[in-house]
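Visitor: Please put the model up. I have some questions about its fold.

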Amino acid sequence: MEANTTNNISSKDSHEESSRSSIVGPLNFAKDTSSLEPPTSLVNERTVPCMFCSNVYDFHSRDNGVDQYLAHLYLVHRLIVGDVKEIACLPSYCYYWRDKFSSEPVDKYCSSMLLNQLPDGTSSSNEKYFLLSDIEPLDYELRQRLKREKLDLVLTRHQFERTDRNYRRDCLYCRDFRSETRPEFISHLYAKHFLLLGKSEHLVFVDELIEIVQDKLNQLICLYCEKVFKDRPTLKEHMRKKGHKRINPDNHYYDRFFLVNYRLKQKPEYVPIAKRKEESSVFNSDDDSDSDWSDWNGEEQTTTCLFCTHSEANIDTLKQHMVDKHSFDFTQTVHGMSFYQRVKVVNFIRRQMHIRKCITCEQQFTDYKSLCEHMDTEEHYRLSKESNGWDQPEYFFPTYEDDQFLCHLEEIDNEEPTTSEEDGSIVISEDLNARINIDAESLSLENFSLQ
Ligand SMILES: [Zn+2]
Ligand SMILES: [Zn+2]
Ligand SMILES: [Zn+2]
Ligand SMILES: [Zn+2]
Ligand SMILES: [Zn+2]
């Protein structure tokens with residue numbers, strides 16, 4: 001079996017820094033390029049050859065093809081892959097190293113260790129083994145890139161699922177409902193049947209999720225506590241009475257359906273509210289500082305200015321504040337942008353202000369005051385035309401917990417009649433329930449067979 005080198009996703013290479021160009025090799029996320037629909041599953045590659053010999057493993061097989069693969073690496077080639085569950089796309093990873101090892105020796109990229117046993121467990125002194133891990137820069141780079149590619153794919157899929165109008169599916173419960181879009185289907189389940197799967201803005205791979213839910217219900221299994229019931233009416237009664245009409249947040253099997261679990265681990269860092277409050281002490285220049293943080297936790301949901309601590313209950317008043325005080329016209333800035341681009345713009349500005357970097361020229365300052373002086377004098381309260389620094393997938397995730405600004409980003413331009421989203425504001429900041437074990441082994445489908 002030949003390593004397939006023709007299907008790597010290279011479309012993003014143009015904006016990848018050159019430091020990553022040393023990584024060549026197959027990334028197999030979107031193998032089926034004939035279909036216009038973004039892939040519904042993360043890894044289409046089934047068969048993966050050993051990094052060293054001609055053995056081939058079926059990663060989708062029921063009898064743990066991945067385990068067999070890893071066992072083979074250990075038993076026959078004495079190689080251990082470090083933190084294997086954290087690799088975003090194991091088949092791509094394996095293909096990459098197979099390619100490398102075809103021309104270069106193992107020692108070059110692996111640390112070696114001496115153990116006093118043979119792979120089968122019999123004792124024997126000073127037996128040499130290899131560890132392939134992200135201590136090796138190339139391995140680190142590869143893992144990071146796989147994660148980014150995966151996030152990209154997931155976001156593409158998410159965007160598709162939000163807008164695709166061909167999701168025709170009958171309701172799980174009633175007869176006369178047939179959806180057009182996935183958000184519509186999800187909100188019908190909640191509005192009519194009180195079945196809470198999560199907000200559709202937070203969900204991805206919805207088709208598969210619905211299949212799983214359907215399957216559980218058919219098998220008379222409660223979604224939440226996973227007990228089995230004798231018939232459908234008893235199950236329905238149980239789920240209704242116990243408030244079990246939602247998926248079990250402790251079951252990591254569902255992690256991959258929540259967007260938040262694809263967050264890249266590193267930057268931008270996530271700033272908890274408590275920390276942000278501390279920071280507010282440095283924002284002393286504003287006149288009406290007494291109205292700022294005192295009511296942050298109050299009943300009223302206020303939105304905070306992108307540039308200072310000023311907050312308002314009404315978003316339009318706040319936008320006017322930004323025009324008056326900072327010469328920044330948000331509405332005009334994001335005109336013509338998609339919902340996702342708006343989210344990125346907000347998170348980008350928040351991030352830059354947090355780390356004291358100018359949003360236009362990216363110049364770094366040591367304190368908030370000198371940053372503001374610079375932005376005032378240079379008229380840098382605007383997005384740079386030349387750089388699209390804000391348009392990176394990491395800015396899809398909120399910089400601040402519970403950022404109310406993100407609830408006011410609907411596309412209000414009347415260019416086209418908006419779709420049937422009657423539910424008003426779109427909230428991106430995720431609820432705690434959805435933040436299920438971010439670092440878990442959730443990141444690749446094939447890993448589920450290991451559990
Ligand atoms: Zn082998
Ligand atoms: Zn229904
Ligand atoms: Zn239950
Ligand atoms: Zn302000
Ligand atoms: Zn600047």
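Guide: Helices (H or I, at least four residues) and strands (E, at least two) are DSSP runs, numbered from the N terminus. This is a predicted model: local features need pLDDT of at least 70, side-chain atom pairs count only at pLDDT 80 or more, and totals for chains, interfaces and linings use all residues. Residues are numbered from 1 along each chain as its sequence is written, and chains are lettered from A and ligands numbered from 1 in the order in which they are written.

Visitor: How many helices and strands does the chain have?

Guide: Both kinds of element are present. The count is eleven helices and seven strands.

Visitor: What percentage of the residues of the chain count as buried?

Guide: A residue is buried if 20 or more other C-beta atoms lie within 10 Å of its own, exposed if 12 or fewer, and partly exposed in between; C-beta atoms are placed from the backbone. The chain has 451 residues. The buried part is 29%.

Visitor: What is the strand order in the open sheet of three strands?

Guide: Two strands pair if DSSP finds at least two bridges between them. Strand E3 (79-81) and strand E4 (111-117) each have a single partner strand, so they stand at the edges. The pairing is mixed, and the order is E3-E5-E4.

Visitor: In which sense do E4 and E5 pair, and over how many bridges?

Guide: Strand E5 covers residues 123-132. Leu-115 stands opposite Glu-127 in E5, and Gln-117 faces Ser-123. The sense is antiparallel, over six bridges.

Visitor: Which residue takes a positive phi in the hairpin of E4 and E5?

Guide: Five residues lie between the two strands. The phi in question is near 105 degrees. The residue is Gly-121.

Visitor: How many of the seven residues of E4 are buried?

Guide: E4 is an edge strand, so one side is left without a neighbour in the sheet. E4 is also hardly covered. The count of buried residues is zero.

Visitor: Is Arg-382 buried or partly exposed?

Guide: Arg-382 lies in the segment after H11. Beyond four places in sequence, Arg-382 contacts Phe-328 and Thr-360. Because 16 other C-beta atoms lie within 10 Å, Arg-382 is partly exposed.

Visitor: Is Glu-362 buried or exposed?

Guide: Glu-362 sits in the loop between H10 and H11. Its contacts, leaving aside neighbours within four places in sequence, are Lys-357 and Gly-389. There are 12 C-beta neighbours inside 10 Å, so Glu-362 counts as exposed.

Visitor: What distance separates the C-alpha atoms of Glu-362 and Ser-384?

Guide: Glu-362 and Ser-384 are 22 residues apart in sequence. In space, C-alpha to C-alpha, the distance is 9.3 Å.

Methods: Contact = placed C-beta atoms within 7 Å.
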